[in-house]
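Please open the model in a viewer and keep the sequence at hand. The stops below are meant to be selected one after another.

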Amino acid sequence: LAADAADPGSRDALKLAEFTRAAWQSLRPALVAEVAGDGPLLLYDAAPMARYRAMDVLDAVADAGRSGRNAVWLLCPAEDPAQPPRLDHTVVPVVTENEWIVLPDAWVANQHRSGEKAS
């Protein structure tokens with residue numbers, strides 16, 4: 001935690017960046033392989049990918065999904081649904097508008113399964 005809060009140019013911050021870079025690169029093949037699994041891949045709580053500079057890993061996973069393997073879903077809670085999806089203040093790149101969907105509050109509350117009309 002101290003390294004995460006340290007000045008970006010400090011030794012602690014640089015070592016943390018080195019560690020996280022190595023961790024993401026070792027995780028990358030497994031994440032890409034998950035796209036070829038039995039069903040869609042759902043990524044959530046993914047803000048560390050932006051915070052610790054792993055958006056290239058997210059791009060690789062998205063590209064695997066775009067290449068005809070299984071679907072990849074990235075859940076990005078948002079305060080303003082009119083704004084592009086973000087992880088930790090970093091815009092998530094989308095190729096087309098078909099790659100981005102806003103889930104209404106009624107869906108999040110599971111009202112679509114309750115038999116009641118959503119307001």
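**Stop 1**

Select R66, which counts as partly exposed at 35% relative accessibility (buried means under 20% relative accessible area, exposed over 50%, partly exposed in between, with a 1.4 Å probe and protein chains only). This is a predicted model, in which local features need pLDDT of at least 70 and side-chain atom pairs count only at pLDDT 80 or more, whereas totals for chains, interfaces and linings use all residues. Residues are numbered from 1 along each chain as its sequence is written, and side-chain values use heavy atoms, with hydrogens and water left out.

Helices (H or I, at least four residues) and strands (E, at least two) are DSSP runs, numbered from the N terminus.

Next select D63, whose side chain meets that of R66 in a salt bridge at 2.7 Å, N to O. Both residues lie in helix α4, three residues apart, about one turn of the helix.

**Stop 2: R28 and D56**

Select R28 and D56, whose side chains meet in a salt bridge (3.2 Å, N to O). R28 lies in helix α2 and D56 in helix α4, so the pair ties together parts that are 28 residues apart in sequence. R28 is partly exposed, with a relative accessible area of 26%, and D56 is also partly exposed, at 34%.

**Stop 3: the nonpolar core**

Which residues have the most contacts inside the largest nonpolar core? Select M49, L58 and L87, which have the most contacts in this core of 17 residues. Such a core is a set of buried Ala, Val, Leu, Ile, Met, Phe, Trp, Tyr and Cys residues joined through side-chain atoms within 4.5 Å. α4 (55-66) is one of the elements that each supply at least two of its residues, and α4 gives the most, with five.

**Stop 4: confidence**

Finally, colour the model by pLDDT, the predictor's confidence in each residue, from 0 to 100. The protein chain averages 88, and 96% of the residues score at least 70. Confidence is lowest in α5, at a mean of 81, and highest in α2, at 94.

Methods
Salt bridge = Lys/Arg side-chain N within 4 Å of Asp/Glu carboxyl O.
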